[in-house]
Amino acid sequence: MTISDPAAPHLVVDVDSEMREAAQAFFAMMSSTPDAVFTKSLEGTILTWNRGAERLYGYVADDVVGQHVGLLDPDPSGADVASLLRLVAGGDSVSGYETTRRRRDGTNVAVSLTVSPLFDARGGIVAAAVIGRDVSDRLALERQLAVQSTHDDITGLPNRALLADRLAQAMARSVRRSRPVAVVFVNVDRLRDVNSAHGYVVGDLVLSEVAARLQATIGKGDTLARFGADEFVVISEETGTADAKPLARGIVDALAPPMHVSGLELSITASVGIAVSPPLLSDPETTLRYAQTAMYAAKAVGRGQWRLFDASSERLWNERSDMNRDLSSALAENLLQVHYQPIVDLATGHLLGIEALVRWEHGDRGWIPPALFVPLAEHTGLIAALDEWVLLRACRDAAALRRAGLLPETAYLAVNVSARNVDDPELFTRVGVAAETTGLPLTALQLEVTETGLLADARSARRVLSALRQAGVGIALDDFGTGYSSLTYLRRLPISTLKVDREFVQHIAMRPDDLAVATAVVDLGRAVSVHTVAEGVETAEQLAILHRMGCAGGQGYFWAPALPLDDLSTLLQASEGFKAASAAPPPGRRRGRALAVTNEHGLHRIVQLHTAGASLATIAAALNAEQFHSPAGHRWHPASVARVIVDIAADARRKRSSAS
Ligand code: C2E
Ligand code: CA
Ligand code: CA
């Protein structure tokens with residue numbers, strides 16, 4: 001007997017009539033559905049085949065009707081198809097069964113199948129109907145979502161969530177096998193600057209390149225993951241301390257060659273910290289945190305360095321948290337201080353201004369340099385309160401100095417503003433309030449900002465600074481020359497002063513490169529009509545060179561270090577101006593005048609008292625009481641003590657640099 005159906009003219013199979021009726025009834029019902037529908041005998045012979053099935057599997061009815069359904073099973077044993085047939089023959093139906101089927105062209109397709117028995121009039125099972133649906137798109141999407149939730153978009157690397165999982169597994173294996181595991185924490189230096197200077201697209205390309213270089217460096221079995229915005233983590237199993245060091249060194253070296261991205265050549269470095277966990281000794285989170293702490297230790301030394309977590313890193317970790325706690329209470333309890341360093345006109349020796357520099361004397365640990373606690377405060381967010389406190393205190397002190405006639409009307413107060421606070425719209429209000437409550441005119445105030453601060457959110461920073469500039473506040477670009485600044489970029493900013501970084505002043509007499517940078521900065525300043533101030537001037541020779549190149553002002557130990565308010569007042573009272581370039585001793589003179597006329601015992605006593613933290617006034621009083629000979633032949637004065645200290649520092653530096 002032959003089934004012949006107008007909708008399916010290809011049915012040419014001999015079947016028994018019960019089966020035929022059931023199959024035909026079902027077929028008529030389902031022939032118009034877009035799904036793939038076919039029927040088969042309980043032995044697996046295909047009976048009917050609709051258009052949807054033609055589309056899904058690629059076979060036309062002619063090809064397959066009468067064939068065994070096993071031709072659709074990619075598994076040559078046909079086990080999958082056979083088990084479905086068994087289920088149906090037993091009266092069960094299967095719905096939403098996801099499996100793979102083979103198409104006519106040999107490709108596989110992911111399908112969801114619903115397989116049901118077909119019954120005859122007496123309720124006996126005579127055939128099976130299969131409805132198939134292509135689910136490859138949905139599966140691909142699901143897979144992608146699964147990957148996305150465990151992988152990072154930009155680098156394609158495992159993300160933080162997957163890293164945690166892998167690390168837990170690695171550490172469990174380490175315990176089982178009694179082998180160490182190393183965790184390497186890689187933090188790309190100054191990625192924020194790259195993003196700000198060149199845009200996020202370039203930043204992302206840099207990250208991909210970093211990821212590729214790291215991947216090429218680490219071992220086959222190691223895991224590389226992206227931990228955070230600019231952070232990567234490597235898990236290296238069976239790596240002990242001895243092997244971890246070359247791994248870290250390899251990572252630092254791999255990043256050393258310049259990167260070529262979007263037509264730019266960029267020098268990218270990273271700070272690397274490693275922690276090695278001996279089996280059973282620590283849990284994943286602690287090991288990861290140790291590696292991160294070691295990374296901070298590396299960063300503290302400079303860019304492109306690596307450190308292994310050890311006892312000193314642990315100390316650093318504890319110190320950081322202790323220091324943050326103590327700084328926060330020191331700030332709340334008004335225990336911080338502000339010292340002031342004179343800024344001098346190189347040509348005339350007149351006072352141009354004073355720079356406020358924050359100081360912290362810790363109860364147990366003595367003086368802590370701002371280079372340590374300012375970055376910490378930036379990290380923890382305390383910096384907003386810190387800068388605001390310094391601003392208020394400095395404005396109050398400067399206003400008092402002006403009233404006392406010690407700070408000339410023309411001189412300004414320079415206050416540092418952290419990169420974190422420059423694009424804060426509140427800054428304008430804070431400055432206004434500080435000026436208003438202390439009576440210091442806005443025109444007597446200068447804010448020192450770094451390039452990083454301007455780059456972070458350039459537009460917002462420009463708005464805030466332009467508003468301040470219009471109100472008469474001076475804006476100095478601090479640490480100039482150390483970043484990515486360009487002339488065009490400088491023109492767009494409301495800058496009134498450029499500060500030549502100490503890095504270039506320090507060796508200006510010895511290193512042609514540094515001399516070139518300093519000259520370029522001064523020329524640049526002239527080109528955009530802003531005056532330049534050199535930092536860290538320590539010798540007459542530096543002063544002479546800077547003056548010759550046209551630098552307007554300077555500050556540094558040559559004149560005075562940053563001094564407490566009382567000492568500054570004394571110095572300003574006593575001095576009739578500072579040494580100018582013309583009055584400076586000729587280059588080559590070995591010893592400062594003050595140093596030459598003070599005997600060794602006196603020097604020793606000054607150093608002793610100074611390093612003990614005594615103020616200039618206290619030192620002067622002690623020297624007078626102990627009858628030490630003074631440079632001027634008169635009684636010791638804080639100003640003469642300051643000059644001696646300055647000379648000692650300069651002399652020590654000269655000795656150090658001629659020794660090296
Ligand atoms: P900076 O703004 O570049 O300050 C100049 C630094 O050079 C000061 O260090 C100053 O004491 C030091 N210095 C001045 N003349 C000489 C010299 O002739 N030789 C040498 N070797 N050093 C000299 P300090 O006070 O340790 O400050 C370091 C940095 O901390 C500052 O660099 C500034 O970036 C930051 N800082 C200081 N006070 C504040 C503050 O109130 N707020 C913020 N946000 N940052 C501050
Ligand atoms: Ca500064
Ligand atoms: Ca500086």
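## The loop residue Ser496

In the loop that runs between helix H18 (487-491) and strand S19 (497-500) lies Ser496, a residue of what is a predicted model. Ser496 has a relative accessibility of 15% and counts as buried, because the limit for that class is under 20%. Leaving aside residues up to four places away in sequence, Ser496 touches Gln446, Arg469, Gly474, Ile475, Val530 and His531.

## The calcium ion (ligand 2)

Four protein donors surround the calcium ion (ligand 2), namely Glu355 (OE), Asn416 (OD1), Glu448 (OE) and Asp478 (OD), at 2.1 to 2.4 Å from the ion. Along the chain these donors follow the spacing E-x60-N-x31-E-x29-D. Asn416 belongs to strand S16 (residues 412-416) and Asp478 to strand S18 (residues 474-480), so this pair ties together parts that are 62 residues apart in sequence.

The two residues of that pair fall into separate accessibility classes: Asn416, at 24% relative accessibility, counts as partly exposed, whereas Asp478, at 6%, counts as buried.

Asp479 counts as partly exposed at 27% relative accessibility, and Glu535 counts as buried at 12%.

Asp478 coordinates both the calcium ion (ligand 2) and the calcium ion (ligand 3), which are 4.4 Å apart.

## The packing of helices H8 and H9

Elsewhere in the model, helix H8 (residues 200-217) packs against helix H9 (residues 241-255) at an angle of about 140 degrees, and their axes are 9 Å apart. The two helices are therefore oblique to each other, because an angle has to be over 145 degrees to count as roughly antiparallel. The crossing in which H8 passes H9 is right-handed.

On the H8 side the contact is made by Val210, Arg213, Leu214 and Thr217, which meet Gly250, Ile251, Ala254 and Leu255 of H9.

Terms used. Residues numbered from 1 in each chain as written. Chains lettered and ligands numbered in written order. Predicted model: local features only at pLDDT ≥ 70, side-chain atom pairs only at ≥ 80, totals over all residues. Heavy atoms only, no water. Donors = N, O, S within 2.8 Å, 3.2 Å for Na, K, Ca; no water. Helix = DSSP H or I, 4+ residues; strand = E, 2+ residues; numbered from the N terminus. Buried < 20%, exposed > 50% of the residue type's maximum accessible area, 1.4 Å probe, protein only. Axes fitted to C-alpha atoms, helices over the stretch in contact; angles between N-to-C directions. Parallel < 35°, antiparallel > 145°, perpendicular 65-115°, else oblique. Left-handed = near helix turned anticlockwise from the far one by under 90°. Contact = heavy atoms within 4.5 Å.
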